[in-house]
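Trainee: Can you walk me through this one? I'd like to start with the overall picture and then go into the details.

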Amino acid sequence: MGNTSDALEELLKELSHQSTRERQITTDKKGLFLGVYAKHPITNENIPVFVANYVLYEYGTGAIMGVPAHDSRDYEFAQKYDLQVKRVVKSAFGEDNLPFEDDGILINSGFFSNLDSKSARKEITAHLKSMGLGEPQVKYRLRDWNISRQRYWGTPIPIIHCPSCGIVPLRDEDLPVLLPTDVSITGHGNPLESSRDFVNVSCPLCGSAARRETDTMDTFFDSSWYFLRFCDSKNTEKPFDVSLVSTWMPVDFYIGGIEHAVLHLLYARFFQKFFYDLGMTPHKEPFLRLITQGMVLKRWLSVEKLLDKLGLTTEDSIDDLGLKLTLPEDPECLRSLK
Ligand SMILES: [Zn+2]
């Protein structure tokens, strides 16, 4: 193990200089066999244990099972270090290239063979549970989020930097901080730094000359709780009143693009839970249901066909349409429009 531990120290040193982001996008997979094996909980096979630069500690416990036949990063790693690539899922459509990352039918998996991926996930989890080795869990991962930026447009961050007291939050009576208008917008640097009145302030604690924070918050910050503010948008004393958000919230239907599902909606829920913990809202969740644009739920009607059936065209007026729609509904006609 002597050589291994030297080489390991070397590798860990190298990795510690890389950010998570760098390690996520790294194309050069690096690893080191630790000289030890883990026992596969179901098949009892010996699995070699490696340290690898593309495994992120934020994901699960940081120790993960590689699946080289079904994960492109693990596949690349296995090729480089000449590890066994064992196919355990086959395509239902006869594709045989590796890595195969879609769902399919299990093979080489003992009594789980021939199950489809979806059922196999359930069965394997249940099996591990019966062995006392694990249980199903829902996991959330909120990405680290830098809310500040060096732009004029945005919500000012109510913080003062004092040479003696350090970072000092503004007093409530000094809120809200309004953006100054005496700024020069040059396309270089943060325009807020050009406003002397904005930047030069006195410290709320000791009164000595201090500097106002000039970064502003990004718009995601506002979009994470605007629905609560909408319930009480004229309130000048606080973000919103608990009685009003109790009445109007939660939002019945949230309609938005699916691209919101992983960032905005998670942050919005995070804010809601934060306000809930502070006792500012009685609801743990901000939205009851999500409908994403572009998702076809069940039925659709063609507008042109509908107009045609009614004897109208897109050139006709809305009054003509109104007249036609007052006629008794003809189920046969509606069926033919689908
Ligand atoms: Zn001070």
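This is a predicted model: local features need pLDDT of at least 70, side-chain atom pairs count only at pLDDT 80 or more; totals for chains, interfaces and linings use all residues.

Trainee: Fine. How many helices and strands does the protein have?

Mentor: There are twelve helices and 13 strands.

Trainee: And the domains, where are they?

Mentor: Domain 1 covers 2-86, domain 2 covers 148-219, domain 3 covers 224-292 and domain 4 covers 303-337. Between the C-alpha centres of domain 1 and domain 3 there are 41 Å.

Trainee: What radius of gyration does the protein have, against a compact globule of 338 residues?

Mentor: The protein has 29 Å, while a compact globule of that length would be near 20 Å. Along the principal axes, the C-alpha atoms fill a box of roughly 80 × 65 × 45 Å.

Trainee: What share of the residues counts as buried?

Mentor: Of the 338 residues, 10% do. As for contacts with a separation of 6 or more, 49% are between residues 24 or more positions apart.

Trainee: Okay, strands. Which ones form the open sheet of three?

Mentor: The order is S5-S11-S6, with antiparallel pairing. S5 (148-149) and S6 (155-156) are the edge strands; each has a single partner, so one side of each has no neighbour in the sheet.

Trainee: What does pairing in a sheet rely on, in general?

Mentor: Strands of a sheet pair through backbone hydrogen bonds, and the pairing can be parallel or antiparallel.

Trainee: Back to this sheet. How many bridges join S6 to S11?

Mentor: Two bridges, with S11 being residues 216-217. Thr-155 sits opposite Met-217 of S11.

Trainee: What about S7 and S8, what do they form?

Mentor: A hairpin, with three residues between the two strands. S7 (residues 159-162) and S8 (residues 166-169) run antiparallel and are joined by four bridges. Ile-160, for example, has Val-168 in S8 as its bridge partner.

Trainee: New topic: helices. How far does H4 reach from its first C-alpha to its last?

Mentor: H4 is residues 117-130, and its 14 residues reach 20 Å, close to the 20 Å expected at 1.5 Å a residue. After H4 comes Gly-132, with a positive phi near 75°.

Trainee: Which residues of H9 are buried?

Mentor: Tyr-267, Ala-268, Gln-272 and Phe-275 are. These residues lie on the same side of H9, because they cover an arc of only 140° around the axis.

Trainee: What covers them?

Mentor: Among the things covering the buried residues of H9 are helix H6 (219-223) and helix H7 (226-230).

Trainee: What follows H9?

Mentor: Gly-279 follows H9, and its phi is positive, near 80°.

Trainee: Last one. Where is Thr-43?

Mentor: Thr-43 is in the loop between S1 (31-39) and S2 (46-52).

Trainee: Buried or exposed?

Mentor: Exposed, because Thr-43 has 11 C-beta neighbours inside 10 Å, and the cut-off for exposed is 12 or fewer.

Trainee: How far apart are Thr-43 and Leu-228?

Mentor: In sequence, Thr-43 and Leu-228 are 185 residues apart, and in space their C-alpha atoms are 52 Å apart.

Note on methods
Residues are numbered from 1 along each chain as its sequence is written. A residue is buried if 20 or more other C-beta atoms lie within 10 Å of its own, exposed if 12 or fewer, and partly exposed in between; C-beta atoms are placed from the backbone. Domain bounds come from an automatic or database domain assignment. The expected span of a helix is 1.5 Å times one less than its number of residues. Two strands pair if DSSP finds at least two bridges between them. The arc is that of the directions from the helix axis to the C-beta atoms. Two residues are in contact if their C-beta atoms, placed from the backbone, lie within 7 Å. The radius of gyration is taken over C-alpha atoms; the globule rule is 2.2 Å times the number of residues to the power 0.38.
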